[in-house]
Amino acid sequence: TQGYNPHQIEHKWQQIWGERHIYRTVEESDKPKFYTLEQFPYPSGKLHMGHMRVYSIGDVIARFKRMNGYRVLHPMGWDAFGLPAENAAIKNNVHPAKWTMDNIAHMKEQQNQLGVSYDWDREVTTCQPDYYRFTQWLFLLFYERGLAYRKKAAVNWCPGCQTVLANEQVEDGRCWRCDTVVEKKELEQWFFRITEYADRLLHDLDKLDEWPEKVKTMQRNWIGRSEGTNVTFTIPELNDAPVTVFTTRPDTLFGVTYMVLAPEHPLVEQVIRGKAQERQIREFIARMRNESEMSRTSADAEKVGYFTGAYAKHPLTGEEVPIWVANYVLMDYGTGAVMGVPAHDERDFAFAKKYHLPIRKVIDRPGDPLGEPLSEAYVEDGVLVNSGQFNGMPNRKAIVEISKALESQGKGERTVTYKLRDWLISRQRYWGAPIPIIYCDACGTVPVPKEQLPVLLPEDVTFDGRSNPLTTSPSFVDTTCPRCGQPARRETDTMDTFIDSSWYYLRYTDPHNEEKPFSKEMADKWMQVDEYIGGIEHAILHLLYSRFFTKVLYDAGMVSTDEPFKSLLTQGMVLKDGAKMSKSKGNVVSPDEIIEQYGADTGRLFILFAAPPDRDLEWSDSGVEGSYRFLNRVWRVVGEHKHIFEDRPQAEPDVDKESKALNRTLHYTIKKVTEDVGTRYNFNTAISAIMELVNAVQSYPQTADRGTLADAIEHIVLLLAPFTPHIAEELWQQIGHRDSVHEQAWPTFDEAALALDEVELAVQVNGKVRDKLTVPAGADNKEVEEMALARSKVQQQLNGKTVHKVIVVPKKLVNIVAK
Ligand code: ANZ
């Protein structure tokens, strides 16, 4: 027989599968559906090991489900808009579309070389007009539903290039191209009102019982629901103008010794006017505008503030406390103003120490009162002191009681705040879906009528990295108003690419629809995605945005589910020498190299065998070698026994001991692989069980039943099919089949065959193992005891001693106690 030549057979089968369309989705059928999806890649140019891993995992699931009688949807596509294409255009003078489509062609070729079973008839490419016209359609739906709006927001602005920069283009506060210090600039931007869905996005996490707890926690923290109270102070010198703070600790209200406004707070302007510190504060505010939220609020950031010269009046005591502005208070959280309680808040404590502000304790530890002065903030529970009528009250109760007291006087209100912000979707970039809006002097903001979509990206643009290329295209910018027909201007912002990926899984259900993004009928046929597989790096944004989209589409009556992903599998990283594989570390092994050297099946097998999908995987060259040797062994074993299949004998596993044992191993393996793959995705243990079966076949005697041997071999091939599809197909043909192994039913096991008819026990004399004993499975303890005592090795040990007791632990051991 010929040796194992992966290149030859892999290429051959990829071609045949493609021609025969064996992975085309079965739409009409009485089979149950299974939608399995790997996150679609950004077409950066080349697949890396992380890709190979996630596709291998997804493919095992898809193939396994098909063989188990499901109609499977397993599509693939391209998250194809985005900045790198535009950067390539600037650097290499190649159009983003060409760069992107070339990369897609190459990566698709690589995916095919992996032998992944995609239905390519459903491919989606987000940068193509047949897709992005519906991204625009969905923008208009959001707009109609009041979920898309425009407001001023700060963006990164490079004064050198006169352009807006994405966060990734700001390196250490400077422009990536010209090294100019980047500023913040207020510009009109489009937003999606995701905050309107904050509560549902939070609550519905409870429905997702097949998501990793870790991911749900990350989403909860990101949404950041916080219950608190808005408390209103007044400013005497501004005619008692109200100023409201948000606090989660109204129980500490009597401990307020100052107030802080965010530098951007609108009242700052009024309270500093004409004051001695006015100029200094204005400079401070200008500095703050250019600092990121992170650097302002991180726990160890230096707290900086200025006294404004004004005072605020306490709502319950009437006491006046100084008003400060400081870096650690953010304008876009709560009300942008904070009451300072240094005794019970760590940040306030540090601030008060630095600026010599009073520290007033109002919560005391019950039974073990705190000393004075406090050496650090006391942030635990306790009872109220120095708090007038509330003294002695447990602070948890005081949260409610003080809030009520404020509410009854119209000075406060209980409220809920979220960390989640509305989604800024505007990008001043070329390579994205144009926002379908027109500005008309007479009619104002006018949406492009849906039947006029797509708003195509123009070709007559300049990529010089200086400004948004869309603004350089007169043919694009100058248009007419769809309402009044007068000259008008087009919006030149494009959409954040996260929008493209927020609905692609719905498009796959109905990829050729020319009227709508997808029909309800088709979406309902396939949704939810039963298994979604991807990296933990998407745990927050992509998943949250997709959940948001699905909820909006559900509300619009376009789909019947309000959660897109039933089960989520986050695959671990691929490590080499303990570190993540990455270009910068120089420890990359590419899928190409592995396919070149060993073939795709070996690469897949190694990846699936080396670790369970959700764990990190340590790359090992010897592990790859081992997988290759195993496949060679399978090849030889099947080849050596090919002739049995020519005139295949009926299996008679009961004729001899060996066939019975092999038959049992076979059924055990089927059971193990079925359960490991089907319920736990423990591909590694499933593969080791198959390896054991191969061992059993190799040591099976020539004289034992040939039919049983043929059965075992045939099943090895079937069980390997989801993992190593090419070699399985080739061997399937070699043992005489003409149909595809990937269209076979998954094997079932026979519980009866699993029953053991003999069991092996250890025989101990005075606690030491001296012998082994094989007995019929049905033997009772008395029989086992007699057989053990009759053994010659046991007799030797007992020489001259008297047997006191014999303990039989069924199916395990016999212990003989003798003196
Ligand atoms: C007084 C107080 C006393 C506070 C105390 C805490 C402890 P979370 O839980 O994250 O919602 N805060 C409110 N708005 C802020 C803003 N815009 N920038 C910075 N800090 C702000 O946090 C709520 C707490 O964070 C609020 O409760 C407020 O400080 C502060 F012993 O008010 B607290």
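The largest cavity in this predicted model is lined by 18 residues, with Ile90, Gln169, Arg429, Gly465 and Ser467 nearest its centre. A cavity is a set of points on a 1 Å grid over the protein atoms alone where a 1.4 Å probe fits but cannot get out; a pocket is an open set with protein on both sides within 12 Å along at least five of seven lines; lining residues have an atom within 4 Å of a point. Helix H3 (83-92) and strand E6 (163-165) each give two or more residues to this lining. H3 gives the most, with four. Helices (H or I, at least four residues) and strands (E, at least two) are DSSP runs, numbered from the N terminus. At least three lining residues come from each of domain 1 (6-126 + 501-571) and domain 2 (142-193 + 423-494). The largest cavity holds about 120 Å³ of space.

The second largest pocket holds about 510 Å³ of space. Its lining counts 25 residues, and Glu531, Ser567, Leu568, Leu569 and Tyr681 are the closest to its centre. Strand E1 (33-38), strand E27 (568-571) and helix H21 (657-680) each supply at least two lining residues. E27 gives the most, with four. Domain 1 (6-126 + 501-571) and domain 4 (583-754) each contribute at least three. Volumes are the space filled by probe spheres set on the grid points, which are joined across faces, edges and corners. Domain bounds come from an automatic or database assignment.

Residues are numbered from 1 along each chain as its sequence is written. Local features need pLDDT of at least 70, side-chain atom pairs count only at pLDDT 80 or more, totals for chains, interfaces and linings use all residues, and side-chain values use heavy atoms, without hydrogens and water.
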